[in-house]
Amino acid sequence: MEEVHEGVRYRPYKSELDLPDIVGQITSELSEPYSVYTYRYFIHNWPELCYLAYDADTGRCAGVIVGKLDQHRMGHLRGYIAMLAVEPAFRRRRIGSHLVRLALASLQQQGCTEVVLETEVTNGAALNLYERLGFIRDKRLIRYYLNGVDAFRLKLWLA
């Protein structure tokens with residue numbers, strides 16, 4: 001379902017034609033390099049957990065979120081936010097928060113009971129965004145990223 005909110009059009013992943021926008025956003029904004037196969041792994045297996053945001057006036061891609069859903073311990077469903085990126089020109093407009101809420105709603109509809117993600121300990125903006133949405137810091141992962149930076153694993157329990 002497509003929606004427009006405060007001049008930004010949000011929509012779910014539609015087809016392989018969305019791949020350049022997804023790859024472009026994530027490559028320019030995240031420190032980890034991913035192969036095209038990594039993107040395809042997520043978006044082809046869990047297309048309902050991939051959303052894109054576009055400027056409603058220009059059509060320019062403003063942000064993306066990519067996730068997955070798997071069975072975890074004792075059969076409960078655990079969601080994972082693999083990638084979230086918002087173009088710098090569009091930041092501070094709550095686009096990242098809106099994308100996360102879309103993914104969380106989809107996860108909850110599918111019976112997910114918890115969601116996890118990792119973010120660099122140095123990424124204060126991401127930590128603030130996720131913590132405002134109710135995520136808590138679960139553990140510190142030493143030298144988790146290829147650039148040697150530690151990560152925090154964040155967790156959110158869904159009711």
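1. A charge is taken to sit over a ring if NZ of Lys or CZ of Arg is within 6 Å of the ring centre and within 35 degrees of the ring normal. In this predicted model, Arg-137 lies over the face of Phe-152, and the distance to the ring centre is 4.6 Å.

2. On aromatic pairing, the structure holds six pairs. One of them joins Tyr-130 and Phe-135: the ring centres are 5.4 Å apart and the planes stand at 70°, so the pair is edge-to-face, given that planes over 60 degrees apart fall in that class. Tyr-130 and Phe-135 are both buried.

3. Tyr-144 and Tyr-145 also pair. Their ring centres are 5.0 Å apart with the planes at 85°, so this pair too is edge-to-face.

4. An aromatic cluster is formed by Tyr-41, Phe-42 and Trp-46.

5. Where does Pro-47 lie? It is in the loop that runs between helix 2 (36-45) and strand 3 (50-55). With a relative accessible area of 30%, Pro-47 is partly exposed. Its C-alpha atom is separated by 8.6 Å from that of Lys-68, a residue 21 positions apart from Pro-47 along the chain.

6. How many disulfides does the model contain? The count is zero, where a disulfide would need a pair of cysteine sulfur atoms within 2.5 Å. For Cys-61, which is in no disulfide, the nearest cysteine sulfur belongs to Cys-50 and is 9.6 Å away. Cys-61 counts as buried because its relative accessibility is 9%.

7. Cys-112 is likewise in no disulfide. The nearest cysteine sulfur to Cys-112 is again that of Cys-50, here 17 Å away. At 3% relative accessibility, under the 20% limit, Cys-112 counts as buried.

How values were computed. Residues are numbered from 1 along each chain as its sequence is written. This is a predicted model: local features need pLDDT of at least 70, side-chain atom pairs count only at pLDDT 80 or more; totals for chains, interfaces and linings use all residues. Side-chain values use heavy atoms; hydrogens and water are left out. Rings of Phe, Tyr and Trp (its six-membered ring) pair if their centres lie within 6.5 Å; planes under 30 degrees apart count as stacked, over 60 as edge-to-face and the rest as tilted. Buried means under 20% relative accessible area, exposed over 50%, partly exposed in between (1.4 Å probe, protein chains only). Helices (H or I, at least four residues) and strands (E, at least two) are DSSP runs, numbered from the N terminus.
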